[in-house]
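This report describes how strands pair in one protein model and then turns to its surface. Please keep the structure in view while reading.

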Amino acid sequence: EKGVDLDAGADYEVILTPQKGYALPGNVTLQYALGGDVPFGYNSATGSIVIPKSSITDSMTLTAAGSKITYHIYYAYEKTPDSTEETVYTQDYHYGDTVSAWEYMGDNITGHTFGWRWLTHPDSDGVAAYGDSLDGKKMPANDIWVIGTYTPKEYVLRVEYQWSDTVDQT
């Protein structure tokens, strides 16, 4: 709550700015202190409120309530290393909620290891950058993509052999 002195000789304009993780309200109300609605304009896309000077005749109360924005963590993965079909699992969070990461670890595919890569934030060029898992951390005010991939395992083949002491060079 905040009191503002209004000049009755001019229109009054204010811009609502939501807190991080909240959306602008769809509508607001403005009432005179002694009752009755105040004629005014509100743009829900920009947060602009304009009270015409003709409406500034008494003390008034502006009521506005933003709503929490729902952000998503999208887990995208292929069922098998050679699959072209992608599956997406979604978790919904609000800004500041503690993340509990999905524990799916892929199917057991011989010769492959499954792992997640977290696309946590854009880099300076706006390209998605990989970061650490958000498991147990606070949800940021943006959607997150987590990409599940199968990586071929690397194997080492060790060959042991013995040379003969005598070599026939004929």
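Which residue in S12 does tyrosine 74 stand opposite? Tyrosine 74 stands opposite tryptophan 145 in S12.

## Basis of the model

The model is predicted: local features need pLDDT of at least 70, side-chain atom pairs count only at pLDDT 80 or more, and totals for chains, interfaces and linings use all residues. Residues are numbered from 1 along each chain as its sequence is written, and side-chain values use heavy atoms, with hydrogens and water left out.

Strands are DSSP runs (E, at least two residues), numbered from the N terminus, and two of them pair if DSSP finds at least two bridges between them. S8 (residues 70-78) and S12 (residues 144-152) pair in the parallel sense, over five bridges. With S9 (residues 86-94), strand S8 pairs in the antiparallel sense over nine bridges. Here isoleucine 73 stands opposite glutamine 91 of S9.

## The open sheet

Three strands in the order S1-S5-S4 form an open sheet with antiparallel pairing. Strands S1 (12-15) and S4 (41-43) stand at the edges with a single partner strand each, so one side of each has no neighbour in the sheet.

Four bridges join S1 to S5 (residues 48-51) in the antiparallel sense. Valine 14 has isoleucine 49, in S5, as its bridge partner.

## Tyrosine 161

Tyrosine 161 lies in the segment after S12. Tyrosine 161 counts as exposed because its relative accessibility is 61%, and exposed means over 50% relative accessible area (1.4 Å probe, protein chains only).

Terms used:
Buried < 20%, exposed > 50% of the residue type's maximum accessible area, 1.4 Å probe, protein only.
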